[in-house]
Amino acid sequence: MAVGFLNGQAPKAEMKLYDTPSQLFTPAVVTAKNLKAEIIDKKIATGKELCTGRYAEGCKNLGIASQ
């Protein structure tokens, strides 16, 4: 959602909160242990997008492919 907002896309409101179109989210803590499940498996970003530059070695250690 944040990336879309930065790219000029209007967020989709699924409900109203205090008469204001809103969309509420349940936050998730992302750690090395759950990075693949929370980000890659949910298709928020791909390993190729995440595992660049200084993060490539860490992804390799976590078994996350950069392709």
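Figure 1. L24 sits in the loop that runs between β2 (20-22) and α2 (35-40); helices (H or I, at least four residues) and strands (E, at least two) are DSSP runs, numbered from the N terminus. The model is predicted: local features need pLDDT of at least 70, side-chain atom pairs count only at pLDDT 80 or more, and totals for chains, interfaces and linings use all residues. Residues are numbered from 1 along each chain as its sequence is written, and side-chain values use heavy atoms, with hydrogens and water left out. With a relative accessible area of 55%, L24 is exposed (buried means under 20% relative accessible area, exposed over 50%, partly exposed in between; 1.4 Å probe, protein chains only). L24 belongs to a nonpolar surface patch together with M15, L17 and Y18, and the accessible area of the four residues together is about 470 Å². Patches are made of residues with over 30% relative accessible area and no salt bridge, where like charges are joined within 9 Å and nonpolar side chains (Val, Leu, Ile, Met, Phe, Trp, Tyr) within 5 Å. Accessible areas come from the Shrake-Rupley method with a 1.4 Å probe, and for residues only the protein chains shown count as cover.

Figure 2. E14 is placed in the loop between α1 (2-6) and β1, and its relative accessibility of 55% makes E14 exposed. The C-alpha atoms of E14 and L24 are 8.4 Å apart in space, while the two residues are 10 apart in sequence. Apart from neighbours within four places in sequence, E14 is in contact (heavy atoms within 4.5 Å) with S22 and Q23. A polar contact of 3.4 Å links the side chains of E14 and Q23. Polar contacts are pairs of N or O atoms within 3.5 Å; within protein, one must be able to donate a hydrogen and the other to accept it, and residues adjacent in sequence count only if both atoms are side-chain atoms.

**Figure 3. S22 in strand β2.** S22 is part of strand β2 and is buried, at 13% relative accessibility. A polar atom of the S22 side chain lies 2.8 Å from the backbone oxygen of T20. When neighbours within four places in sequence are set aside, the residues in contact with S22 are A13, E14, M15, K16 and L17.

**Figure 4. Two non-glycine residues with positive phi.** Y18, in the loop between β1 (15-17) and β2, has a positive phi of about 55° although it is not a glycine. Y18 is exposed, with a relative accessible area of 75%. K43 likewise is not a glycine and has a positive phi, of about 60°. The loop between α2 and α3 (47-50) holds K43, and this residue is exposed at a relative accessible area of 72%.

Figure 5. The structure holds 2 salt bridges, each a side-chain nitrogen of Lys or Arg within 4 Å of a carboxyl oxygen of Asp or Glu. Side chains of opposite charge can pair when their charged atoms come close. K36 is partly exposed, with a relative accessible area of 41%, and D41 is partly exposed at 44% relative accessibility. Another salt bridge pairs K42 with E38, the closest N and O atoms being 2.9 Å apart. E38 lies in helix α2 and is buried, at 18% relative accessibility. With neighbours within four places in sequence left aside, E38 is in contact with A28, V30 and I44.

**Figure 6. The disulfide between C51 and C59.** Searching the whole structure finds 1 disulfide (a pair of cysteine sulfur atoms within 2.5 Å). The disulfide joins C51 to C59, with an S to S distance of 2.1 Å. The torsion about the S-S bond of C51 and C59 is about -85°, so the disulfide is left-handed. C51 is buried at 6% relative accessibility, and C59 is buried at 6% relative accessibility.

**Figure 7. R54 and Y55.** R54 lies in the loop between α3 and α4 (56-62). With 73% relative accessibility, R54 is exposed. The side chains of R54 and Y55 make a polar contact of 3.0 Å.
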